[in-house]
Amino acid sequence: MMKIVYGQLDNTISVMAKEADVTTYVNLGGLQDEAMYDQEMLPHLQQALRDSSKKKLIILHTIGNHWNYARRHPANFNRWQPSLTNKENPNVNDLSLATAINNSYDNSVLYADWFLNSIIGQLRDKPAAMFFVADHGETLPDGNCQQVLHMHNFEHEFRVPAMLWYADSFQRRDPAKISALKTHAKQKLSTENVMPTLLELGDVSLPQTNSARS
């Protein structure tokens, strides 16, 4: 018999994370306003890269651009204004804040770009690849739509950003895979393609995996 006991703060992600050899939690605030910034994971990434294991799968689960957007980046990323910065408990449904909501979202995306670039900086001199994909998009106020955030089944919430970066040494080691990536770069993709692609990038073969989705 196998029994799994869930704690108060457990969710699907944390349960899967327990299967890893090393699991580190840096944000104990969830998605609440007191949550830490994603950059808190960077020192742990550096530590994982120093590990002596020849092969590594490192997963960083970011907070990204979840509401409240203004709480997802440090003050130096408050580029577009007016924003929600210093607004106490803003109402996401208050359309008078539409400009500030959009600006704060853009500021959080700017920070997310910086975060991904920081990861790439740590991987550049290694035979490594990095795959990023968002779990959902956001609906933002545009003057017509009265809905904000996600879970509305709107198009913007299904069209999510994704990117795959690879180091020069990774390309030299396996040029065929990089050639295949470039061939399919403009094809429509789904998150169903993520796991088969990651498996092939890492030279992992499983009998139940549909390699045609890679």
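Helix 2 (residues 42-49) buries L42, L45 and L49, where buried means under 20% relative accessible area and exposed over 50%, with a 1.4 Å probe and protein chains only. This is a predicted model, in which local features need pLDDT of at least 70, side-chain atom pairs count only at pLDDT 80 or more, and totals for chains, interfaces and linings use all residues. Residues are numbered from 1 along each chain as its sequence is written, and side-chain values use heavy atoms, with hydrogens and water left out.

**Helix 2**
- The buried residues L42, L45 and L49 sit on the same side of helix 2 because they cover an arc of only 55° around the axis, taken from the directions from the helix axis to the C-beta atoms.
- Over on the other side of helix 2, P43 and Q47 are exposed.
- Helix 3 (98-123) is included in what covers the buried residues of helix 2.
- As for naming, helices (H or I, at least four residues) and strands (E, at least two) are DSSP runs, numbered from the N terminus.

**Nonpolar cores**
- The largest nonpolar core has 13 residues, and F115, I119, L123, M130 and W165 have the most contacts inside it; such a core is a set of buried Ala, Val, Leu, Ile, Met, Phe, Trp, Tyr and Cys residues joined through side-chain atoms within 4.5 Å.
- Helix 2 and helix 3 each supply at least two residues of this core, and helix 3 gives the most, with 5 residues.
- Skipping its neighbours within four places in sequence, F115 is in contact with D38, Q39, M41, L42, L60 and T62 (contact: heavy atoms within 4.5 Å).

**Helix 7**
- V194, P196, T197, L199 and L201 are the buried residues of helix 7.
- Their cover includes strand 1, strand 2, helix 5 (168-173) and helix 6.
- Just after helix 7, D203 takes a positive phi of about 55°.

**Second largest pocket**
- The second largest pocket is lined by 37 residues, with F131, A162, L189, S190 and N193 nearest its centre.
- On a 1 Å grid over the protein atoms alone, a pocket is an open set of points where a 1.4 Å probe fits, with protein on both sides within 12 Å along at least five of seven lines; lining residues have an atom within 4 Å of a point.
- Helix 6 gives the most to this lining, with 5 residues.
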